[in-house]
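Me: Hi! I'm new to this one and would like a friendly tour. Here is what I have open.

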Amino acid sequence: PRNNPKEWALGDKKTSLATSYISNMVSADLATKASKVRSFMSNVRFSLLEVQEMLLQISEGSSNSHVACQWIQDNEAVWSQWIPVDTNCQEGFG
């Protein structure tokens, strides 16, 4: 739902702005220090609806770890595509 500052101030964190910017924070030299981690992180994608559903579950009392674990169990076909293939060569690594 669209942000309601009064509800937010009262602890109802289910509302947000019409758009929200979410980014990954990583090391500037991650590609050279951990190329597979960087490859994995560049493939991670969540739809806004997925994020909203997970946040709603948390706001209703589920723990972060429970919500994350449930998402992993329910979406193996999604996250398994994010994992780099071991035999693929990374630029600068052979």
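Me: Let me start with one residue. Leu55: buried or exposed?
Reply: Leu55 is exposed, because its relative accessible area is 51%. The cut-offs are under 20% for buried, over 50% for exposed and partly exposed in between, with a 1.4 Å probe and protein chains only.

Me: Before I go on, what kind of model is this?
Reply: It is a predicted model, in which local features need pLDDT of at least 70 and side-chain atom pairs count only at pLDDT 80 or more, while totals for chains, interfaces and linings use all residues. Residues are numbered from 1 along each chain as its sequence is written, and side-chain values use heavy atoms, with hydrogens and water left out.

Me: Good to know. Where does Leu55 sit?
Reply: Leu55 belongs to helix α4. Helices (H or I, at least four residues) and strands (E, at least two) are DSSP runs, numbered from the N terminus. Leu55 and Val67 are twelve residues apart in sequence, with 8.6 Å between their C-alpha atoms.

Me: And how many helices and strands are there in the protein chain?
Reply: The protein chain has six helices and zero strands. Along the sequence, the pattern reads α-α-α-α-α-α.

Me: How much of the chain is buried?
Reply: Of the 94 residues in the protein chain, 14% are buried.

Me: Back to α4. How do α4 and α5 cross?
Reply: Their axes come within 9 Å and cross at roughly 140 degrees. Those axes are lines fitted to C-alpha atoms, for helices over the stretch in contact, with angles running from 0 to 180 degrees between N-to-C directions. The two helices, α4 and α5, are therefore oblique to each other. For that label, angles under 35 degrees are roughly parallel, over 145 roughly antiparallel, 65 to 115 roughly perpendicular, and the rest oblique.

Me: Which residues meet there?
Reply: On the α4 side you'll find Glu50, Met54, Gln57 and Ile58, and they meet Asn64, Val67 and Trp71 in α5. A contact here means heavy atoms within 4.5 Å.

Me: Tell me about Ile58, then. What is Ile58 in contact with?
Reply: Leaving aside neighbours within four places in sequence, Ile58 is in contact with Ser63, Asn64 and Val67. Ile58 lies in α4, which covers residues 48–59, and is partly exposed because its relative accessible area is 29%. Lys14 is 44 residues away from Ile58 in sequence, yet the two are 9.5 Å apart in space, C-alpha to C-alpha.

Me: New topic: aromatics. How many aromatic pairs does a search of the whole structure find?
Reply: The search finds four. Rings of Phe, Tyr and Trp (its six-membered ring) pair if their centres lie within 6.5 Å; planes under 30 degrees apart are stacked, over 60 edge-to-face, and the rest tilted. In one of the pairs, Phe40 and Trp82 are edge-to-face, at 6.2 Å centre to centre and 70 degrees between the planes. This pair links distant parts of the chain, 42 residues apart: Phe40 is in helix α3 (residues 35–43) and Trp82 in the segment after α6 (76–79).

Me: Those two, buried or exposed or partly exposed?
Reply: Phe40 is partly exposed, because its relative accessibility is 29%. Trp82 is buried, because its relative accessibility is 8%.

Me: What does Trp82 do with Trp71?
Reply: Trp71 and Trp82 form a stacked pair, 5.7 Å centre to centre with 15 degrees between the planes. Trp71 lies in helix α5 (residues 64–74) and Trp82 in the segment after α6, so the pair ties together parts that are eleven residues apart in sequence. Trp71 is buried, because its relative accessible area is 10%.

Me: Which residues form the aromatic cluster?
Reply: Phe40, Phe46, Trp71 and Trp82 form one cluster.

Me: Phe46 is new to me. Where does Phe46 lie, and what does Phe46 touch?
Reply: Phe46 lies in the loop between α3 and α4. Not counting residues up to four places away in sequence, Phe46 touches Val51, Met54, Trp71 and Trp82. Phe46 is partly exposed, because its relative accessibility is 40%.
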